[in-house]
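I set out to record what could be looked up in this structure. The entries are kept in the order in which I made them.

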Amino acid sequence: MSAPKKIAQRSLLITSAALLTVSGLAPSAFAAPKPSGSPTAAPPARMSQVGGARLGVPGTQVNLAAGVPVLPGGLTARSWIVTDAESGDVLASHNAHWRLPPASTLKMLFADTVLPRFPSDQRHRVAPTDLAGIGAGSSMVGIKENETYTVHDLWLGVFLRSGNDAVHVLSAMNGGVPQTVRDMQAHADALQAGDTHVVSPDGYDAPRQYSSAYDLTLFARSGLQKKDFREYCSTVRAKFPGATTQKGKGKGTRETFEIQNTNRLLSGDADTSVYPGIAGVKNGNTTNAGATFTGVAERGGKVLLVTVMNPEKHEHDEVYKETARLFDWGFKAAGKVKPVGVLVPPLNATPSAQPSGAPSADVTGAAQGTAGAGSEPVKGAAAATRSGGSRGAGTAVAIAAGLLVLLAGGAFLVNRRWPLPDLMRRRQRP
């Protein structure tokens with residue numbers, strides 16, 4: 001055998017032996033990576049198709065055509081969705097069904113589930129056990145043990161300060177955290193929010209707790225059917241009860257302090273302007289989830305919902321800036337762009353005869369258009385701010401739902417257009 005051939009053979013044997021050694025010592029190097037508790041950097045290749053087949057396709061989904069504005073540049077969120085709140089049409093989306101940690105945006109589901117169960121003037125004295133199990137570093141409104149609060153106070157704490165302490169007290173009133181989690185999951189299932197798995201009622205980071213931009217939009221849309229939900233999520237600032245102080249031998253006095261909504265498109269910030277026509281809904285931020293936000297706004301007779309999850313750009317208020325750009329695009333594109341999907345109705349919604357036309361997008365799961373389960377019919381333009389607990393509060397516009405029709409068994413009439421006919425102009429804040 002010639003020298004060159006011997007050298008080639010020897011090199012091949014050495015290479016083969018090295019590969020065998022590496023594979024024997026470290027088989028995991030050649031195995032598929034194990035799933036971790038945190039979301040991957042890329043969306044899964046296959047996602048839910050609830051609301052339309054295109055919503056399950058990774059990447060941006062939009063039907064650009066003549067007259068349709070181009071999507072805004074600089075969007076870095078892992079997932080986002082722009083929808084018409086009335087018709088349910090999905091105008092554009094990006095990884096809409098990607099299951100991601102939701103942070104405090106999950107409180108929309110909590111409120112939509114628990115809010116109808118207690119009258120706003122009901123009073124509750126907080127026991128030490130009510131505040132047990134709150135996660136370290138949680139956002140708090142400042143609830144004190146052995147003090148009494150109205151349900152109205154507690155909901156202001158949930159919506160304005162994203163208070164996990166307020167969530168835990170309301171959960172205790174609802175039978176405890178485990179019961180509340182079961183109730184929330186059942187309600188999510190009824191809303192066809194199949195991307196959602198509830199572990200904690202407040203959205204605090206927990207293993208296997210996830211939702212999606214699509215599901216969070218379903219929660220907002222259902223919650224906005226409720227008069228109290230609309231009021232709380234649109235309140236800019238309010239007075240909140242503090243601790244009782246004892247003065248001498250007389251009866252103690254109780255001070256109040258001001259709380260402000262942490263939704264920066266509603267309350268504004270140093271480098272973030274109040275968005276014109278904004279009326280809620282809920283923001284969130286945790287280590288695993290990053291920044292998340294669902295907002296509702298009105299312009300020119302159109303009501304849009306935008307959800308943004310976890311922008312990769314970590315500038316101040318980035319989630320609000322990307323949301324504002326998507327709102328701007330949506331209002332320009334509404335009526336021009338062909339939808340890529342639709343928000344499905346709750347399972348218990350009863351379809352009515354469609355006034356005209358066919359559904360505007362292919363729907364997987366149910367008929368188009370919905371009024372949220374557990375909704376409260378409201379007549380007139382919108383409710384004024386309550387006096388108890390929010391006196392002096394600046395309240396943003398509230399959403400009217402005068403066309404809701406309550407049917408037997410708690411189901412609601414499903415119309416071609418979702419019944420949000422009016423969005424009052426924003427009140428001037430003090």
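**Entry 1. The chain**

I noted before anything else that the model is predicted. I then counted the secondary structure and found nine helices and 13 strands in the chain. The chain has 430 residues, and 53% of them count as buried. I looked up the accessible surface, which comes to about 18500 Å². Carbon and sulfur atoms account for 56% of that surface. I also looked at contacts between residues at least 6 apart in sequence; 69% of these join residues at least 24 apart.

**Entry 2. Helix α5**

I turned to α5, which runs over residues 177-190 and has 14 residues. From its first C-alpha to its last it reaches 20 Å, close to the 20 Å expected at 1.5 Å a residue. Which residues of α5 are buried? I listed Thr 180, Val 181, Asp 183, Met 184, Gln 185, His 187 and Ala 188. Past the helix I checked Gln 192, which follows α5 and has a positive phi, near 65°.

**Entry 3. The second largest pocket**

I recorded about 370 Å³ of space in the second largest pocket. Its lining is made up of 23 residues. Those nearest the centre of the pocket are Ser 104, Ser 139, Ser 162, Gly 284 and Asn 285.

**Entry 4. Arg 325**

I then selected Arg 325, which lies in helix α9. Is Arg 325 buried, partly exposed or exposed? I read a relative accessible area of 28% for Arg 325, so the residue is partly exposed; the cut-offs are under 20% for buried and over 50% for exposed. I looked up its contacts, leaving aside neighbours within four places in sequence. Arg 325 is in contact with Pro 72, Gly 73, Gly 74, Leu 75 and Glu 318. For one of these, Pro 72, I noted the distance as well: its C-alpha atom and that of Arg 325 are separated by 6.4 Å. Along the chain, Arg 325 and Pro 72 are 253 residues apart.

Conventions:
Residues are numbered from 1 along each chain as its sequence is written. This is a predicted model: local features need pLDDT of at least 70, side-chain atom pairs count only at pLDDT 80 or more; totals for chains, interfaces and linings use all residues. Side-chain values use heavy atoms; hydrogens and water are left out. Helices (H or I, at least four residues) and strands (E, at least two) are DSSP runs, numbered from the N terminus. The expected span of a helix is 1.5 Å times one less than its number of residues. Buried means under 20% relative accessible area, exposed over 50%, partly exposed in between (1.4 Å probe, protein chains only). Contact means heavy atoms within 4.5 Å. Accessible areas come from the Shrake-Rupley method with a 1.4 Å probe; for residues, only the protein chains shown count as cover. On a 1 Å grid over the protein atoms alone, a cavity is a set of points where a 1.4 Å probe fits but cannot get out, and a pocket is an open set with protein on both sides within 12 Å along at least five of seven lines; lining residues have an atom within 4 Å of a point. Grid points are joined across faces, edges and corners, and a volume is the space filled by probe spheres set on the points.
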